[in-house]
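Open the structure in your viewer and keep the selection tool ready. This tour goes stop by stop.

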Amino acid sequence: MRSRYLFAALVLLHVSGFLFPPEGFAPLIANSVYLPLTLLKMAGLPVYASAEAWGWASPSPFGWAAVILIWGLTWWWVAKLATWAFRRRGATKQGVNGIRG
């Protein structure tokens with residue numbers, strides 16, 4: 001259950017950084033969209049819309065779905081791994097059956 005809360009917090013931070021980018025983090029937020037798109041484009045997937053806007057190719061609906069899926073899975077795995085590590089750490093500190101050893 002804790003992994004869901006951590007996942008929600010990570011997604012909320014990522015989305016809030018995208019919606020309200022602090023000036024220093026704007027390149028990082030833009031790269032979090034365009035890096036996965038560039039890799040998928042190299043694989044031959046249609047991730048960019050046909051029209052360019054001010055020199056930037058905007059993501060296609062498939063591209064946006066791919067970015068959301070990639071980051072959703074990434075943050076889910078990070079949350080699961082972090083909560084697993086903390087649970088395991090707590091179990092080893094307490095020992096077997098809650099008795100310190």
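**The whole chain.** Start with a cartoon view. The protein has 3 helices and 2 strands. Follow the chain along its sequence and the order reads α-α-β-β-α. Keep in mind that this is a predicted model. Of its 101 residues, 19% count as buried.

Zoom in on Arg2, which lies in helix α1. Is Arg2 buried or exposed? Its relative accessible area is 67%. Exposed means over 50%, so Arg2 is exposed.

**Stop two: Ala66.** Stay with helix α3 and select Ala66, which is found there. Ala66 has a relative accessible area of 10%. The limit for buried is under 20%, so Ala66 counts as buried. Leu37 and Ala66 are 29 residues apart along the chain. Draw a distance between their C-alpha atoms: the separation is 7.8 Å.

**Stop three: Phe18 and Trp64.** Turn to the aromatic rings. The whole structure holds 4 aromatic pairs. One of them joins Phe18 and Trp64. The ring centres of Phe18 and Trp64 lie 5.8 Å apart, and their planes meet at 70 degrees. Planes over 60 degrees apart count as edge-to-face, so this pair is edge-to-face. The pair links distant parts of the chain, with Phe18 in helix α1 and Trp64 in helix α3, 46 residues apart. Phe18 is partly exposed at 39% relative accessible area. Trp64 is also partly exposed, at 33%.

**Stop four: Tyr34 and Tyr48.** Select this second pair of rings. How are the rings of Tyr34 and Tyr48 arranged? They are stacked, with 6.2 Å from centre to centre and 20 degrees between the planes. Which elements hold the two residues? Tyr34 lies in helix α2 (residues 26-42), while Tyr48 lies in strand β1 (residues 48-53). The pair therefore ties together parts 14 residues apart in sequence. Finish on Tyr48. Its relative accessibility is 23%, so Tyr48 counts as partly exposed.

Methods:
Residues numbered from 1 in each chain as written. Predicted model: local features only at pLDDT ≥ 70, side-chain atom pairs only at ≥ 80, totals over all residues. Heavy atoms only, no water. Helix = DSSP H or I, 4+ residues; strand = E, 2+ residues; numbered from the N terminus. Buried < 20%, exposed > 50% of the residue type's maximum accessible area, 1.4 Å probe, protein only. Phe/Tyr/Trp six-rings, centres within 6.5 Å; stacked < 30°, edge-to-face > 60°.
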